[in-house]
Amino acid sequence: MRPSTRDTLIQSAITTLAAQPGASLEDIAQRAGVGRATLHRHFGSRDGLIHALTREAIAATDRAMVDISRDTSATEILRAVIEAIVPLGDQYHFLTLEAATKTDPEITAEIDRQLREMSELVAAVKQEGTIATDVPDAWVVAALDALIYAAWTSAHEGWIARRDAPGLVFRTIIGGLSASDAG
């Protein structure tokens, strides 16, 4: 089945903006092999396009979570979640710079839902004793969010190997950065 023009535009926009976050709508249209008017017909404006890309990023994150086995410890589920989310940064890291993603109530509601789900997972990991129970769930979720962003940025800039990024996030959230013999 051939992808729709809209799907082609979304994929072109993801590819273009991941490589060059400041790319123009003209650049995106050109990469998709269509005129700028076609891009405007589908999305109306840059904000409309960013909204569609943000919805796609949320959906991609949800799709990545579907395949994670729940028949294991919460700690291993957390590891699998990190391993599923960090690679998505290759495509979606540019969205963190877009103000439109922070002001749309529909998007905010979806992000809040994902953060609640992460908070529930963190609570389960704490019940297992992997994360100290005196650390607020909100702090752990915020730290995870920041570490995932750091992994995306560090891998994108070439500071760390992409394949190492999920493990570094997991190690840091579970064990911190101290040497194993530090006390």
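Of the 183 residues in the protein chain, 37% count as buried, where buried means under 20% relative accessible area, exposed means over 50% and partly exposed is in between, using a 1.4 Å probe and protein chains only. What you have on screen is a predicted model, so local features need a pLDDT of at least 70 and side-chain atom pairs count only at 80 or more, while totals for chains, interfaces and linings use all residues. Residues are numbered from 1 along each chain as its sequence is written, and side-chain values use heavy atoms, with hydrogens and water left out.

Let's start with confidence. The chain averages a pLDDT of 87, and 95% of the residues score at least 70; pLDDT is the predictor's confidence in each residue, on a scale from 0 to 100. Where pLDDT is low, the predicted coordinates should not be read in detail.

Now the overall layout. The chain holds ten helices and zero strands; these are DSSP runs numbered from the N terminus, with helices (H or I) taking at least four residues and strands (E) at least two. The C-alpha atoms fill a box of roughly 60 × 35 × 30 Å along the principal axes. Looking at contacts with a separation of 6 or more, 63% are between residues 24 or more positions apart. Contact here means heavy atoms within 4.5 Å.

Next, take a look at helix H1. With 15 residues, H1 reaches 21 Å from its first C-alpha to its last, close to the 21 Å expected at 1.5 Å a residue. That expected span is 1.5 Å times one less than the number of residues in the helix. The buried residues of H1 are Leu9, Ile10, Ser12, Ala13, Ile14, Thr16, Leu17 and Ala18. Their cover includes helix H2 (25–32), H3, helix H4 (46–66), helix H6 (89–92) and helix H9 (137–157).

The axes of H1 (residues 5–19) and H3 (residues 36–43) come within 11 Å and cross at roughly 105°. Axes are lines fitted to C-alpha atoms, for helices over the stretch in contact, and angles run from 0 to 180 degrees between N-to-C directions. H1 and H3 are therefore roughly perpendicular to each other, given that 65 to 115 degrees counts as roughly perpendicular, under 35 as roughly parallel, over 145 as roughly antiparallel and the rest as oblique. Thr5, Arg6, Leu9 and Ile10 of H1 meet Thr38, Leu39, His42 and Phe43 of H3.

Buried residues of H5 include Ala74, Ile77, Leu78, Val81, Ile82 and Ala84. The buried side of the story involves H4, H6, helix H8 (105–128), H9 and helix H10 (165–175), against which the buried residues of H5 pack.

Thr75 counts as buried at 10% relative accessibility. Beyond residues up to four places away in sequence, Thr75 touches Val125, Glu128, Thr130 and Phe170. Ile85, also in H5, counts as buried at 12% relative accessibility. Leaving aside neighbours within four places in sequence, Ile85 is in contact with Thr61, Met65, Met118, Ile148 and Trp152. The C-alpha atoms of Ile85 and Ala64 are 7.2 Å apart, although 21 residues separate the two along the chain.
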